[in-house]
Amino acid sequence: MSEQVSPGKSFDISKWEVWQAYQKVAANKGAAGVDGVGLVEFESDLKGNLYKIWNRMSSGSYFPPPVKAVEIPKVHGAGTRILGVPTIGDRIGQTVVASRLEGAVEPKFHPDSYGYRPRKGALDAVGTCRKRCWKYDWVIDLDVRNFFDTVPWDRIIVAVEANTALPWVILY
């Protein structure tokens, strides 16, 4: 993949960024989205599919397809929860955007913030809790159920705008 960006494109997104995003998505080996295209099928025309994503994102004409809704059983308790499964192509597009935004926002996060962060996970949070339970005799328990379904979208846009000057990151 080339580092070149066409001078006629609206947004400065390199093909290399799309390639790197593809590699991250491929490493996760996720399921197919609403288009039914899994990783093997996507890779059957890898160059063409990545070019299409790059071309649409850099021209400002990218529009994400619907997300496949999959019900999965709750680990603790009765019922199910809905998991949204984006297409492989959309995961690549999301990863391009996230990679650009991550560099700006990562240094601003509190060290005890563990959700959706690089090189941090649930077991890191549990480890911190174990250390702290010997120091403090109180606990704050939060349930973020439906948070992303209920947070006002305009507040998210304001937060993104405060952390980037790239119009395509805000758009996507």
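Figure 1. Welcome to the overview, which shows a predicted model. Along the sequence, the elements of the protein chain come in the order α-α-α-β-β-α-α-α-α-α. Taken along the principal axes, the C-alpha atoms fill a box of roughly 60 × 35 × 30 Å.

**Figure 2. Confidence along the chain, with a view of residues 1–5.** The protein chain has a mean pLDDT of 88, and 94% of its residues reach 70 or more. Residues 1–5 have a pLDDT below 50, yet in the model this stretch makes 15 contacts beyond near neighbours in sequence. A friendly word of caution goes with this view: where pLDDT is low, the predicted coordinates should not be read in detail.

**Figure 3. Helix α1 packed with α4.** Two packed helices are described by the angle between their axes and the distance between the axes. Here α1, which spans residues 15–28, meets α4 at an angle of about 115°, and the axes lie 8 Å apart. The crossing of α1 and α4 is right-handed.

**Figure 4. Side by side: the residues that α1 and α4 bring to their contact.** From α1 come E17, V18, A21, Y22, K24 and V25. Their partners in α4 are I88, R91, I92, T95, V96, S99 and R100. Sorted by class, this contact holds seven nonpolar, two polar and four charged residues.

**Figure 5. A look into the second largest pocket, with a volume of about 270 Å³.** Rolling a probe the size of a water molecule over the atoms shows where empty space is left. This pocket is lined by 14 residues, and K52, I53, R56, T87 and G89 are the closest to its centre. The elements that give two or more residues to the lining are α3 (46–59) and α4 (88–105). Helix α3 supplies the largest share, four residues. By class, the lining of the pocket has seven nonpolar, three polar and four charged residues.

Notes
Residues are numbered from 1 along each chain as its sequence is written. This is a predicted model: local features need pLDDT of at least 70, side-chain atom pairs count only at pLDDT 80 or more; totals for chains, interfaces and linings use all residues. Side-chain values use heavy atoms; hydrogens and water are left out. On a 1 Å grid over the protein atoms alone, a cavity is a set of points where a 1.4 Å probe fits but cannot get out, and a pocket is an open set with protein on both sides within 12 Å along at least five of seven lines; lining residues have an atom within 4 Å of a point. Grid points are joined across faces, edges and corners, and a volume is the space filled by probe spheres set on the points. Ala, Val, Leu, Ile, Met, Phe, Trp, Tyr, Cys and Pro count as nonpolar, Asp, Glu, Lys and Arg as charged, and the others, Gly among them, as polar. Axes are lines fitted to C-alpha atoms, for helices over the stretch in contact, and angles run from 0 to 180 degrees between N-to-C directions. A crossing is left-handed if the near helix is turned anticlockwise from the far one by less than a right angle, and right-handed if clockwise. Contact means heavy atoms within 4.5 Å. pLDDT is the predictor's confidence in each residue, from 0 to 100.
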